[in-house]
Amino acid sequence: MPPSIFQTLCSRFGENIFHEQLTRDETPTVWTPQGKLVAVLEYLRSEAEQPYRMLYDLTAIDERALKSQYNGTGDFTLVYHLFSFERNAFIRIKTALRGEYPTAPSITDLWPSANWYEREVYDMFGIRFEGHPLLKRILMPVTWEGYPLRKEHPARATEMGPFRLFDEKEDREQQALQFKPEEWGLQRHSDDADFMFLNIGPQHPGTHGVLRIILQLDGEDIVDAVPDIGFHHRGAEKMGERQSWHTYIPYTDRIDYLGGVNNNLAYLLAVEKLAGIGVPERAEVIRVMLCELFRIASHLVWYGTFAQDVGQLSPVFYMFTDRERVFEIIEAVCGGRMHPNWFRIGGVAQDLPNGWDKLVRDFLNYFPKKLKEYDKMVMRNGLFKARTVGIGVFTQEEAIDWGVTGPGLRACGMEWDMRKKRPYSGYQHFEFDIPVAQNGDCYDRAAVRVNEMWQSLRIIEQCLNNMPAGSYKSDHPLATPPLKQFTMQDIETLIHHFLNVSWGPVIPGGEAMSCIEATKGWNGYYLTSDGNTSPYRVRVRTPSFAHMQMVPYISRGYTVADLLSILGAMDYVLADIDR
Amino acid sequence: MQQAAVNYWWIVGGVLFVLLNTAAGLIWLERRLLALWQDRYGPNRAGPFGLLIVLADTIKLFFKEDWIPPFADKAVFVFAPAVVVASVLMSFTVIPFGPNVVVADFNIGLLFFLAMSSLGVYSIVLGGWASNNKYALLGAMRGASQMISYEVFMGLALMGVVLMSGSFNLREIVEAQKGLWYIVPQLLGFVIFFIAGVAETHRLPFDIPEAESELVAGFHAEYSGMKFGMFFIGEYLGITLISSMIVTLYFGGWLGPAFLPGVIWFILKTFVFIAIFILMRASMPRPRYDQLMEYGWKVLFPLSLLNLLVTAAIILILKE
């Protein structure tokens, strides 16, 4: 048996430096002293055998209010999640920070994607990173006072006093929004040209939401771009700390609002790991079926709007009509459409309705011929190709460096799908292929998504033909709400029902992380529980955040029109970026 | 001409009336046709078939606040939208709608048309420049280069027709097509003229100056109310103009079986091409601005020269 990563680290850096923590999700978790942090990460990234090449997530936890039995050794903890494709494994590196406003070394030299993650930690916790090129707020307005994810920062409006907007305050806020290129390290002139700064968004038809991108232009050529995000920030992570484990589910719907139940699933997989709940087979298959339906719905929105971004007006209407067909099924099953709020701890909210199979079968019969038609209309259209082939190219190495996941990663030749490689919710029982493409340009990203819809259809068909009988929810005591039919029989379930619904379930202490192949890439929840009715810390890792960070890098040298192709092919959702 | 001189003002008035109403009516037609092709209803509430949407839209445009941005160059800002409508309307003066229905029977009619349609570019450039808005400026820059380039091929493509008919007079060109419409011998010329015409009217797929998803509204981003309405009408008039030019030059103008009067034939043919314009909008994506220029100079330009050479050669050989 090869040595565990903990042993490898010990033999490389010496015994007694590290300390291993056991977690509920069995991800190797290594506490590292702050002084060794950069060295350890560098070792893991480039020197270690089967290196951990991707920085999956970087976040912090305010541990000052955490009960001692779950505690590390500091006031704040920095948490680095790395992923190794060779090992097919995550590793969690933690480092304890002391003091009210501690500092830590920056790792932006190791991973370019660390840039935004460190800014986010600074924005949310006030932890400073030494050596960071541009440490400023990212999600909150620059005028914000306090650091929201610190425990002393209020979460409820009632704790914050009434909101007033005085004239001076309004002026101050407006001034803060003015773009000063110097603040971002951009030049106004070069030796032979004056640059034009074009402000795209937050209100712009091409940005698909409240996103602001400031372009530094030489003629129509993009010299540099500065994405300004945070307009859609609703504090989903902070809200997790005040909601019960159960009542947080609807909030997850609104993270990637096109992905629907995929968000529920990412969250619940982590909760179920914490609580040790096994989900019955039928519930798993129902979950898979709904996830794939939502994947199709989400890809349809992307497909139509992408075509519209390059000027094709009609496909979006056809595709939204078809999405409506998917929603008909989803509506019949969940009652909701975009925000189904339908998965529950330990299963799903209800059993499938009578006649669901007919709805699904009708769709399966109907949709393939439409997909073929769209192929002809969009993917094989010469002008569409002219706008997307060879645009916004990145390589596999660049993709991994920047934390690109999902179709973007597969479009540059990496055959990696979490549903296949680290199956969850019973995906290992399904037959499907991983679509890949080789060139890593906008067209290939589109081609991968189109093929994914075909694969989703295959999965849905298998769900339809092999829907297992049984319960749609676990009989585990923490499954919330417990199965109603038993509450009338025995007092135990009745009490559980009462408590889990009124206070919410008490999830055992510990931490767990999930990672699913959501519609846009890897989506995961990293939950810390202190054995309470609500999480101690909820960390939402979204794919779009990492993707958006890469926009300046891949759009330099292209034109304004190409930027639209790049954004369209990226398939992001602003709520998924800002949370 | 004496016969026509009697009711000359009737012709002027009639042409103006029909054109402006057509342009307004196209609001309805375009929205209904787009809706038809995009699986939706389109405007169907006001009046029969939603026809009164035209009225509603016009009223709305007239009563919108006529706002001039404080940072704009006022005189030019106001002047620009007038240019587009004026220049297109002027072009219509030389078009023979029927055997005797023409406002000005110039013997340089075709050149006049080219001259007037070139003026149209001023409205885009001036409008975009005067708006003092970056999006508008980008749109204007794109529009200027696009229209100036496509003018070249447009002119060259038309020369084939001129060679064959031996006249710049549009009425004579139509009459020269009595035996055979020029679409047959001048197929290549027609294709080039049509593409250049779409670029000239900056309609999808060549709506690059206003590329909605990139430049929001491009050169007219700052315009509102009836000033925007002028650009709007100008665009529809432009479509009508290019369609009627196609009909005049390649599809035998008013010629047609005698059971319908010439004017009706002309209108019917024109509407077919207007519908094609709308269909193109419903179906095609937009190329990038540099691709459009490359396509023009590297493909269309040589082709139009070739067309001219071959036409000239054949005519020479036939004369021998």
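How many residues of chain A are in contact with chain B, and how many residues of chain B take part? In this predicted model, 27 residues of chain A touch 23 residues of chain B.

**Where chain A meets chain B**

- On the chain A side, five elements each supply at least two residues: β8 (196-200), α8, α9 (315-334), α11 (382-388) and α20.
- By class, the side of chain A that touches chain B holds 14 nonpolar, nine polar and four charged residues.

**The two domains of chain A**

- Chain A is split into domain 1, covering 5-158, and domain 2, covering 236-578.
- Taken over C-alpha atoms, the centres of domain 1 and domain 2 of chain A are separated by 27 Å.
- Between these domains of chain A, 26 residues of domain 1 are in contact with 30 residues of domain 2.
- On the domain 1 side of chain A, the elements giving two or more residues are β3 and α3.
- Of the elements on that side, β3(A) gives the most, with six residues.
- The side of domain 1 of chain A that touches domain 2 is made up of 14 nonpolar, six polar and six charged residues.

- Five strands of chain A build an open sheet with mixed pairing, and their order is β1-β2-β5-β4-β3.
- Which strands stand at the edges? They are β1 (19-21) and β3 (54-62) of chain A; each has a single partner strand, so one side of each is left without a neighbour in the sheet.
- On average, and with direction ignored, neighbouring strands of this sheet are turned by 25° against each other.
- Nine bridges join β4 (residues 76-84) and β5 (residues 89-97) of chain A, which pair in the antiparallel sense.
- To find your place in β5(A), look for L97(A), which stands opposite F76(A).
- Helix α2 of chain A (residues 37-47) lies across β4 and β5 of chain A and runs at about 170° to β5(A).
- Helix α3 of chain A (residues 114-125) lies across β3 and β4 of chain A, and its angle to β3(A) is about 10°.

**A helix pair in chain A**

- Helices α8 (residues 281-309) and α20 (residues 560-570) of chain A pack with their axes 9 Å apart, at an angle of about 180°.
- Because angles over 145 degrees count as roughly antiparallel, α8(A) is described as roughly antiparallel to α20(A).
- From α8(A), the contact draws on T305(A), F306(A) and D309(A), while α20(A) brings L564(A), S565(A), G568(A) and A569(A).
- Sorted by class, the residues joining α8(A) with α20(A) are three nonpolar, three polar and one charged.

**A helix pair in chain B**

- In chain B, helix α2 (residues 8-37) packs against helix α3 (residues 53-63) at an angle of about 115°, and their axes are 9 Å apart.
- Are these two helices roughly parallel or roughly perpendicular? α2(B) and α3(B) are roughly perpendicular to each other.
- The crossing of α2(B) past α3(B) is right-handed.
- A24(B), G25(B), I27(B) and W28(B) of α2(B) meet I53(B), V54(B), D57(B) and T58(B) of α3(B).
- The contact of α2(B) with α3(B) has five nonpolar, two polar and one charged residues.

Notes: Residues are numbered from 1 along each chain as its sequence is written. Chains are lettered from A and ligands numbered from 1 in the order in which they are written. This is a predicted model: local features need pLDDT of at least 70, side-chain atom pairs count only at pLDDT 80 or more; totals for chains, interfaces and linings use all residues. Two strands pair if DSSP finds at least two bridges between them. Helices (H or I, at least four residues) and strands (E, at least two) are DSSP runs, numbered from the N terminus. Axes are lines fitted to C-alpha atoms, for helices over the stretch in contact, and angles run from 0 to 180 degrees between N-to-C directions. Two residues are in contact if their C-beta atoms, placed from the backbone, lie within 7 Å. Angles under 35 degrees count as roughly parallel, over 145 as roughly antiparallel, 65 to 115 as roughly perpendicular and the rest as oblique. Ala, Val, Leu, Ile, Met, Phe, Trp, Tyr, Cys and Pro count as nonpolar, Asp, Glu, Lys and Arg as charged, and the others, Gly among them, as polar. A crossing is left-handed if the near helix is turned anticlockwise from the far one by less than a right angle, and right-handed if clockwise. Domain bounds come from an automatic or database domain assignment.
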